[in-house]
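Try each task before you read its solution.

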Amino acid sequence: MSDRLDDLERRIDELRAGVRKAMRVRDGATARALRAELRTAEREWDALVSGEPAQAKPEPPRLVTVREQVNQGLRLLGAPAQPRLVVAVSDVFFGGTIRSAQLTSLRRDEERSFRSSPHGRPYYLCAALTDRLSPARGLLTLSTWPLERRVVGPLSPRVDFLTCAIAVASHESADGRADRLLLRMARNIPGATDGTLGPSDPDRVIEAARAELRVHGDRDTRDRAELAERAAAQLGDAARLFGAATLSTIKKENAK
């Protein structure tokens with residue numbers, strides 16, 4: 001038993017140190033995971049000392065954080081998207097509780113976390129990159145996507161909208177709000193609606209969106225490949241995720 005107690009005490013010390021480190025860099029997700037593991041280790045230690053079997057306490061329902069909800073929405077959409085669309089998709093398909101106002105500072109928090117502990121998280125919510133390799137205003141992406149999908153050229157906003165519409169139409173849901181979301185998107189795609197006020201036919205939306213993608217897709221792919229090549233050659237790790245500083249940003253920083 002003595003060896004087991006020594007092992008547990010070392011593990012408890014390591015976990016406590018890990019929690020402190022995660023809190024210093026504001027990595028809440030890692031801190032929560034380590035605290036849960038710490039509680040389990042402490043219960044095992046108590047059980048060994050008292051001679052009673054460890055009683056696992058029921059964990060409360062897992063809280064899905066704002067960043068996890070945004071991650072879910074972006075993964076479904078598969079393309080850079082405005083916060084309001086991410087919020088709508090999260091709400092309709094995942095029962096999300098986020099509001100657009102909560103996303104205002106989210107990208108800055110993600111960048112701060114990356115710079116404090118590079119690559120310390122499985123993914124980051126980051127900015128799309130413009131043709132100037134600066135962050136695109138109001139466009140969220142995932143760090144796990146290839147660079148070609150995180151840059152935006154002249155035709156990219158339209159291509160990404162069509163891509164998102166196909167994703168929404170392809171995702172089944174019994175929630176009537178899904179029909180309304182798809183209808184709003186379909187009204188901006190020629191041939192995607194029949195002119196009535198009823199729900200859109202998902203297959204028709206997909207067909208119409210793909211037809212327009214065939215017009216713009218090749219040119220957009222070439223533009224994005226060129227931008228991605230420039231970004232890979234000119235930017236460091238952080239800038240590839242969050243964008244290069246613009247001239248106005250540099251002036252502001254130098255004025256401080």
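What follows is a set of tasks, each with a worked solution.

Before you start: this is a predicted model, where local features need pLDDT of at least 70 and side-chain atom pairs count only at pLDDT 80 or more, while totals for chains, interfaces and linings use all residues. Residues are numbered from 1 along each chain as its sequence is written, and side-chain values use heavy atoms, with hydrogens and water left out.

**Exercise 1.** Find out which residues form a salt bridge with Glu110.

Step 1: A salt bridge needs a side-chain nitrogen of Lys or Arg within 4 Å of a carboxyl oxygen of Asp or Glu.

Step 2: look at Arg67. Its closest N and O atoms with Glu110 are 2.8 Å apart. Arg67 is in helix 3 (residues 66-77) and Glu110 in helix 5, 43 residues apart. Helices here are DSSP runs of H or I with at least four residues, and strands are E runs of at least two, numbered from the N terminus.

Step 3: look at Arg121. Glu110 meets this side chain too, at 2.7 Å, N to O. Arg121 sits in the loop between helix 5 and strand 1, so this pair ties together parts eleven residues apart in sequence.

Step 4: check burial (buried is under 20% relative accessible area, exposed over 50%, partly exposed in between, with a 1.4 Å probe and protein chains only). Glu110 comes out at 2% and is buried. Arg121, at 12%, is buried as well, and Arg67 is also buried.

**Exercise 2.** Work out which parts of the chain the Arg224 and Asp160 pair ties together.

Step 1: the two side chains form a salt bridge at 2.8 Å, N to O.

Step 2: Arg224 belongs to helix 9 (residues 202-234) and Asp160 to helix 7 (residues 156-170), so the bridge ties together parts 64 residues apart in sequence.

Step 3: both Arg224 and Asp160 are buried.

**Exercise 3.** Take His119 and Leu133: is each one buried or exposed?

Step 1: Most residues other than glycine have a negative phi.

Step 2: His119 has a positive phi near 60 degrees. It lies in the loop between helix 5 (106-116) and strand 1 (125-129), and at 54% relative accessibility His119 is exposed.

Step 3: Leu133 also has a positive phi, near 65 degrees. Its loop runs between strand 1 and strand 2 (135-142), and Leu133 is buried at 2%.
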